[in-house]
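Look at the model below. We will walk through a sheet, then a pair of helices.

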2 protein chains.
Amino acid sequence: MKKLLLGIFVLLTGGFAGAQVRFVDAGELTLIGKALPTEHPYHRIDTAVYKGFTPTENQQIRCSAGLAIVFRTNTSRLDLFPHYSSFVYRGGSTPRVASEGFDLYIRQDGEWLYAASRDSGKRGKSFTLISGMDTSEKECLLYLPNYSELLSLQIGVDEGASITPLENPFRHKIVIFGSSFTHGVSTSRAGMSYPMQIERNTGLYFCSIACSGNCKLQPYFADYLGDVKDADAMVFDGFSNPDAKMIRERLIPFIARIREKLPTTPLIFVQTIYRESCNFNLAVRAREEAKQAAAREMMAQAMREFDGIYFIDKANLTGTDHATSADGTHPSDLGYWRWAQNLQPELLKVLRKCGIR
Amino acid sequence: MKKLLLGIFVLLTGGFAGAQVRFVDAGELTLIGKALPTEHPYHRIDTAVYKGFTPTENQQIRCSAGLAIVFRTNTSRLDLFPHYSSFVYRGGSTPRVASEGFDLYIRQDGEWLYAASRDSGKRGKSFTLISGMDTSEKECLLYLPNYSELLSLQIGVDEGASITPLENPFRHKIVIFGSSFTHGVSTSRAGMSYPMQIERNTGLYFCSIACSGNCKLQPYFADYLGDVKDADAMVFDGFSNPDAKMIRERLIPFIARIREKLPTTPLIFVQTIYRESCNFNLAVRAREEAKQAAAREMMAQAMREFDGIYFIDKANLTGTDHATSADGTHPSDLGYWRWAQNLQPELLKVLRKCGIR
């Protein structure tokens with residue numbers, strides 16, 4: 001029935017951008033990556049329902065990082081026609097392909113294989129993401145921009161081609177809250193954030209509410225997380241943004257607040273990574289070491305006070321050759337790829353302990 | 001004497017940006033990476049002397065890609081005050097840190113260790129690249145922007161600190177001509193282009209005249225290269241930009257033209273890499289395979305016709321997991337890091353054959 005309705009919609013919108021391509025609204029396909037429903041199609045948290053966020057936090061959680069559209073199609077090309085609000089984050093270390101562009105994977109022999117990625121070019125125009133494909137039916141995973149507020153997205157296919165929703169290909173539900181590292185600053189494209197890499201590698205479903213610069217163990221994030229009743233586990237890159245003092249003050253109350261609503265959900269905290277600016281900047285080095293020490297101390301206390309709390313405190317998640325930094329703080333794709341490769345076995349170990357596999 | 005003059009200059013320009021930092025012109029330090037001298041300090045080819053380039057080629061070879069300033073200093077911080085022309089390339093896959101920013105390495109235990117990198121922020125203002133360092137004397141390698149025409153650069157140090165030229169720390173002279181891959185599109189920062197990685201890893205001196213989209217075996221580039229009499233070898237990423245037909249038509253005349261001026265200089269050609277857009281775009285796949293086949297065929301002929309011609313035709317320089325692309329064509333740092341790691345031993349083998357080690 002859903003397919004029939006979509007078929008009708010598709011016929012009605014045919015010819016949207018010329019004779020060769022017809023567009024369907026991505027809303028008619030399957031959107032994955034959202035921890036809880038939102039009224040706005042591409043916001044990650046419903047900021048009309050959840051309050052207390054700062055203006056910057058509101059902007060970040062309205063970005064489509066970690067969201068993706070999944071669908072089946074036998075088209076030879078895919079065009080995209082996105083509409084954005086005025087908010088696009090333009091950090092110096094993040095290319096436009098990642099901040100406002102799209103990143104396409106296609107399933108081949110059971111694996112998600114990179115297909116295409118690009119920035120969206122001029123506003124108010126459609127663009128071709130990929131062409132020249134054979135017309136066998138394919139399963140597609142299209143990541144949305146990391147740092148833009150997307151208002152709508154039309155997906156264009158060959159006039160005679162089908163495009164239908166695909167069921168969420170990932171299993172379980174793991175909510176991840178984190179800093180810019182988790183949000184995906186300095187990645188080359190949306191699919192290269194480490195949670196999305198681990199998702200494709202393992203098949204485990206990640207819903208990211210990462211919030212660049214603003215993952216600071218805030219009570220209103222705890223309130224939100226407490227409402228995600230069907231989460232199988234929660235992962236926290238929670239020691240990257242707060243300083244040592246904040247970690248000491250906020251970690252226990254943050255966990256307690258989640259535990260009020262979710263008494264047993266596994267809560268897995270990950271130590272913050274080494275920042276390459278520490279190689280020579282002694283002030284940053286001292287600050288980072290103090291944060292790491294505070295995280296260790298407070299995690300030990302948290303694990304004594306609460307059940308189901310885990311701490312992954314593994315050194316050198318991005319390697320030891322110091323080649324991985326984009327700007328002294330954030331990894332490049334080289335760093336994020338290693339991070340995913342090194343964190344994944346540690347995370348799987350904990351998840352298996354919790355019966356999630 | 002040079003140090004004395006610099007000292008006087010430094011005194012004269014002291015206090016340029018307030019009491020704490022004094023600026024020196026980078027021209028008073030050591031500039032490395034230029035194959036032949038130019039009148040303009042940061043152009044790679046003197047376009048008043050060498051003619052025939054298209055307007056786009058002129059723009060590209062006036063960018064400071066592959067150039068670096070080397071110096072000694074005991075400052076605790078480094079500020080930079082760059083001035084640019086209006087030309088900055090803003091491709092969607094290249095972050096501003098790489099296109100217009102700076103990338104600093106400091107020598108530690110004989111190795112070049114990443115220190116800091118950032119974009120230059122607002123025009124007409126200085127910015128702090130690094131602070132918080134101890135004040136031991138350090139050897140610094142500061143890469144200039146990949147995709148900007150830099151008009152001048154002032155380097156700021158603590159008011160009481162010294163800053164003096166360092167001799168070029170690299171040995172031999174290898175000129176490299178190539179496409180955007182070699183120029184450094186989609187790197188996170190200037191030091192991550194593969195020639196600069198190999199330079200730091202091996203100590204071999206690379207002078208890059210890479211020219212994004214425009215390394216097409218042009219006769220006027222051959223004329224320029226023929227004038228670099230003191231080059232120990234030349235490396236070519238020469239099969240990425242031309243199509244198969246162009247490779248067939250141009251390769252032999254291109255080599256012949258260089259050989260007129262340089263009868264024995266080793267000329268080392270590298271096969272173009274796999275483009276990840278070929279995973280599903282059959283049109284691109286066919287075009288790329290035709291290019292690679294033409295390169296193989298013409299290189300065989302070139303090696304029969306000329307002495308001192310080498311061809312590195314190694315598959316999978318960026319790996320086989322298809323995780324390395326920024327935009328389907330250009331690698332991310334992950335791809336460039338693997339490229340450097342995989343090309344380096346092959347290149348060293350050829351160079352050793354030529355007596356360069």
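How many bridges join strand β4 of chain A to β7(A)? Three bridges join β4(A), residues 78–88, to β7(A), and the two run antiparallel. Strands here are DSSP runs of E, at least two residues long, and helices are runs of H or I, at least four residues long, numbered from the N terminus. Two strands pair if DSSP finds at least two bridges between them.

A word on the source. This is a predicted model: local features need pLDDT of at least 70, side-chain atom pairs count only at pLDDT 80 or more, and totals for chains, interfaces and linings use all residues. Residues are numbered from 1 along each chain as its sequence is written, while chains are lettered from A and ligands numbered from 1 in the order in which they are written.

Now widen the view. In chain A, four strands form an open sheet in the order β1-β9-β4-β7, with antiparallel pairing. At its edges lie β1 (21–25) and β7 (127–130) of chain A, each pairing on one side only. From one strand to the next, the twist averages 40 degrees.

Turn to chain B. Helix α7 (residues 244–261) packs against helix α8 (residues 282–305) at about 20 degrees, with the axes 9 Å apart. Axes are lines fitted to C-alpha atoms, for helices over the stretch in contact, and angles run from 0 to 180 degrees between N-to-C directions. α7(B) and α8(B) are therefore roughly parallel to each other (angles under 35 degrees count as such).

Conventions
Angles under 35 degrees count as roughly parallel, over 145 as roughly antiparallel, 65 to 115 as roughly perpendicular and the rest as oblique.
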